[in-house]
Amino acid sequence: MKKFAIFLAVLTLSAPARSQTAADRQKADALLKQMTLDEKIGQMTQVSLGVVGTEQDGVLNPQALKKAIQDYKVGSILNVTNHALTAGQWRGLIKEMQDEARQTRLKIPIIYGLDGIHGQTYTLDATLFPQNIGMAATREPELAAAAARVTALELRASGVRWNFAPVLECGRQPLWSRFAETYGEDVYICKTMGVASIRAYQADGLRSPTAVAACMKHYLAYSASRTGKDRTPIYLPDNEMREYYLPQFRAAVQAGAATLMVNSADINGTPVHASKYLLTDVLRKELGFEGVVVSDWEDIIRLHTRHFVAATPRQAVVLAVNAGVDMSMVPSDFSFFDLLKEAVQKGEVSVSRIDEAVRRILILKLRLGLFENPYAEDAAAANFGKPEYQALALRAAREAMTLLKNDHEALPLSRNAKILVAGPAAQSISALNGCWSYTWQGKEEQWYPRDSRTILQAVSDKLGAGHVVTSTGPGFDNPLNYDTARLRAAAAGVDAIVLCLGENAYAESPGVIPDLALADNQVILAKVAVSTGKPVILVLSEGRPRLISGIAPEASAILMAYWSGKKSAEAISDVLFGDYNPDGVLPFSYPRSMGEMVLYDRKPTEDIREIFNSDVTMDGYRPLYPFGWGLSYTHFEYGDLQLGSGKLQGNEKLTVTITVKNTGSRDGKHTVELYSHQLYASTTPNMQRLRAFKKISLKAGEQQTVSFTIDKNDLAFVNAESKTVTEPGEFELMIGNRKGHFTYVQ
Ligand code: BGC
């Protein structure tokens, strides 16, 4: 525990990432002057490992490598062929590539990029943490930062200095198959957690052997697809875009994020890869971003093949590069190189635009110290797989656990109880980790660390095998898991059933579903479990909220476990048996049904239900569990909410204070959340907006006073003219069931 305190303190104190230096800019310019057009276009070309590899994972094809680096002069390589490699294999691969690059005329190093989404995805035995959705449930930005720091260390130890993370877009469409990669539905949480992660990835400056370049993605609003299907259209008015999807990118730019990846979809009919407005006017001119913009996978050519806004492949390249894309994740061939060269020769893309893009790429490589030493540094390699990372993963998984229901204190279960562990997630590792776990889809369990535990194992570890029975077999899809007769028989002599439901791992398009409803065979299992008369404890391992309204009322307790990484099973078992008092809170509204998908920061008319004339109720926001919901084994009570003043004027600050008391008999942690509500405004005001949060620890019987300081910027919204304004008027502030009022005057 002590070790942690130090680990976190270092992070908190570390300086914000340094941005470009004048020296790096001068070096980049000097280099640029010596470069041929081919050399420049090569720098803008990124190919996948498959292009330079062989059938065998981790083994390069020397001819293909030569072709890519010598003939096409590619500047960047990404991804794995199929699955994670050892840190040593990565270091070897990077060495081969950099050796090849050193044979080129200008010896410009390769920048390698990987997706370290919840830990370093693609290095075997790297530490996996909760997905962002679980991290958001912890409401601990320092914890997100500590996990990001370990991700950076394990990436750099693998010789890789560019991480395609974090995902910054809000998860306001729970159907979306990448919901787990988001920090949930609230923009303030996305911003706070995202910035904490970016600072941690880049802590101590990119040259440091402990840092990687962050890549904020996917600019912009990729998560907001109307259908919920991956990479499908977004319809977003400018003011909504600026309210919920842009602030986190603005904050990330200010925090020094080195690179950015573009949203694959189209907004209001314009694919973002072709949007000069978003990629140049907003990103460069308004937000002041100076770093590298990389396309997403194959997305430039898709302007022609999928979006049909470019009549030819060359036009696709012209549109994207002129809109502001600096590097193309081509990634499976060299078409981008040939097409861009042709376009420059025809005068369709200017050399100055090429120079601008290449300068940014060279500066990034300089900042990362790749010119001095492109290989994995010894100091970096030593940072792989330290024991304290496992302890951090356990802490993060525990703090993510969100107790949604606990009727008659069904939990914690007695350690002397006899337990049936059932359901498809009982003996699945992949269903506890989700996407980007040693493979892209995360489903292949042979690549997970050997000491990964299933829920069944973790419960047996705790209680002793004699206290635990199961009706399941290994793997999520094992037919035994759905055999209701086996479940019923196994339940005969037990005191309670821990029913592990949810979703097996998936990523991106393979995770598209037609319905949020939990799979029928799982609902049937739950009904059978309830029919045994034994208390049923539902454990949900899932990347998005699958509908459970039909079974929730009969469950004695429900634990939302998300996909919480390496230590999920241990954390679940610790909560079930009371070794950890749960303190996670929902970062989204858990929907009741497909017709009840209202978000917590709803508009007033979404609150209203009008049956007939005067028969009006105000229960329009009726999720199964609201945003911010999460139970504890102890009780917390609030005192009155105190405001420093009843009036906030101009640039003054307002202090908001509340006393929180742990009135139960157990120590616990609690998140205090401050919400605001403006009563009247020029556009319909939100019913609630989260403005600040703080997680505190209270011993049984202890109380603590928590203070927040807000100013007019915390009360702002984007008006009909797309301007961020704070309008004078009456405001309410809310913490739990406590309220305060004040007036803002300009
Ligand atoms: C995803 C990105 C990812 C990239 C590289 C794409 O399919 O949308 O998030 O960074 O692949 O793996």
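## Model confidence

Residues 1-18 have pLDDT under 50, and the model gives them 25 contacts beyond four places in sequence. This is a predicted model. Across the protein the mean pLDDT is 96, with 97% of residues at 70 or more.

## Ligand site

An N or O atom in the side chain of D115 is 2.5 Å from a ligand oxygen. For R178, the distance from a polar side-chain atom to an oxygen atom of the ligand is 2.7 Å, and for K217 the corresponding distance is 2.8 Å. The protein buries 95% of the 310 Å² that the ligand exposes when taken alone.

## Cis peptide bonds

Most peptide bonds are trans. The bond joining A165 and P166 is cis, with omega about 5 degrees. P166 sits in the loop between β4 (162-163) and α9 (187-201).

A cis bond also runs from Y219 to L220, where omega is near 15 degrees. L220 belongs to the loop between β5 (215-219) and α10 (238-245).

Most residues other than glycine have a negative phi. N79 has a positive phi, near 75 degrees, and is located in the loop between β2 (76-78) and α6 (87-101). N79 counts as buried because its relative accessibility is 13%, under the 20% cut-off.

H408, also not a glycine, has a positive phi of about 50 degrees. H408 lies between β11 (402-406) and β12 (419-422), in a loop. With a relative accessible area of 79%, H408 is exposed.

Note on methods
Residues are numbered from 1 along each chain as its sequence is written. This is a predicted model: local features need pLDDT of at least 70, side-chain atom pairs count only at pLDDT 80 or more; totals for chains, interfaces and linings use all residues. Side-chain values use heavy atoms; hydrogens and water are left out. pLDDT is the predictor's confidence in each residue, from 0 to 100. Contact means heavy atoms within 4.5 Å. A polar contact is a pair of N or O atoms within 3.5 Å; within protein, one must be able to donate a hydrogen and the other to accept it, and residues adjacent in sequence count only if both atoms are side-chain atoms. Accessible areas come from the Shrake-Rupley method with a 1.4 Å probe; for residues, only the protein chains shown count as cover. Helices (H or I, at least four residues) and strands (E, at least two) are DSSP runs, numbered from the N terminus. Buried means under 20% relative accessible area, exposed over 50%, partly exposed in between (1.4 Å probe, protein chains only).
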